[in-house]
Amino acid sequence: MQIKSPLFGSAEISEDKIIEFPKGLPGFEHCRRFTLLHEEGREAHVFLLQSVDEPDVAFSVTAPERLGVHLEFPLDDEEVALLSLRTPEDAAVVVIVRKDDGEGPAGTGLRANFMAPLVINTGARVGLQKLIDRLGCEITLRAGG
């Protein structure tokens with residue numbers, strides 16, 4: 001499948017690289033299919049979560065651990081069913097990041113949305129954005145990232 005990315009131009013991706021977000025993302029409910037892109041030939045720490053449905057919709061994402069942050073939060077039964085999760089190890093958690101003029105998390109110069117992480121079942125290629133209130137969520141900084 002051919003897609004267009006504002007950052008990478010045209011890219012060929014296979015169907016098995018598409019991640020379905022059945023409910024879309026808040027504010028982007030019409031975008032339900034995404035893929036992860038990164039610059040070829042370089043080790044990727046930040047990926048582009050590119051909409052397959054809408055070429056102008058893309059988000060930079062990274063693992064919170066890359067920013068020295070450990071997130072723990074519960075998923076309710078409906079979320080577990082939506083993600084088709086069998087074990088916690090099937091889930092990958094990423095956060096949306098953007099450049100920050102100041103010094104962001106762990107001195108990276110990035111600003112991250114830790115209160116709305118993306119949870120992706122890597123095997124089933126299905127995801128959701130978890131909106132977290134401060135109750136029931138543990139966010140800790142880890143020294144050394």
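A residue counts as buried under 20% relative accessible area, as exposed over 50%, and as partly exposed in between. With 32% relative accessibility, Arg 125 is therefore partly exposed. This residue sits in the loop between S10 and S11, and within that hairpin, where four residues lie between the strands, Arg 125 adopts a positive phi near 55°. Most residues other than glycine have a negative phi. Ser 84 also has a positive phi, near 55°, and is placed in the loop between helix H1 (77–83) and S8; its relative accessibility of 44% makes it partly exposed.

The model is a predicted one, and its confidence should be kept in mind while reading the geometry. The protein chain has an average pLDDT of 84, with 83% of the residues scoring at least 70. Confidence is highest in S11, at a mean of 98, and lowest in strand S12 (residues 138–141), at 56. Where pLDDT is low, the predicted coordinates should not be read in detail.

In S11 (residues 126–129), Gln 129 deserves a separate look. Gln 129 is buried because its relative accessible area is 16%, which falls under the 20% limit. Its side chain reaches the backbone oxygen of Ala 116 at 2.9 Å, and, leaving aside residues up to four places away in sequence, Gln 129 touches Leu 25, Pro 26, Ile 96, Ala 116, Pro 117 and Leu 118.

In soluble globular proteins, nonpolar side chains tend to be buried together. Here the largest nonpolar core has 15 residues, and those with the most contacts inside it are Leu 67, Leu 71, Leu 83, Val 95, Val 97, Ala 112 and Phe 114. Two or more residues of this core come from each of strand S7 (69–72), strand S8 (91–99), strand S9 (110–112) and S11. Apart from it lies another core, of 13 residues, which includes Ile 19, Cys 31, Phe 34 and Val 94.

Side chains of opposite charge can pair when their charged atoms come close, and a search of the whole structure finds three salt bridges. In one of them, Glu 78 meets Lys 23 at 3.0 Å, N to O; this pair links helix H1 with the loop between strand S3 (19–20) and strand S4 (33–37), parts that are 55 residues apart, and both Glu 78 and Lys 23 are exposed. Another joins Arg 33 to Asp 53, with the closest N and O atoms 2.9 Å apart. Because Arg 33 lies in strand S4 and Asp 53 in the loop between strand S5 (47–51) and strand S6 (58–62), this pair ties together parts that are 20 residues apart in sequence. Arg 33, at 27%, is partly exposed, and so is Asp 53, at 31%. Lys 130 forms a salt bridge with Glu 79, the closest N and O atoms being 2.9 Å apart, and this pair connects the loop between S11 and S12 with helix H1, 51 residues apart. Lys 130 is buried at 13% relative accessible area, and Glu 79 is buried at 15%.

Terms used. Residues numbered from 1 in each chain as written. Predicted model: local features only at pLDDT ≥ 70, side-chain atom pairs only at ≥ 80, totals over all residues. Heavy atoms only, no water. Buried < 20%, exposed > 50% of the residue type's maximum accessible area, 1.4 Å probe, protein only. Polar contact = N/O pair within 3.5 Å; in protein donor to acceptor, adjacent residues only side chain to side chain. Contact = heavy atoms within 4.5 Å. pLDDT = per-residue confidence, 0-100. Core = buried A, V, L, I, M, F, W, Y, C linked by side-chain atoms within 4.5 Å. Pairing = 2+ DSSP bridges. Salt bridge = Lys/Arg side-chain N within 4 Å of Asp/Glu carboxyl O.
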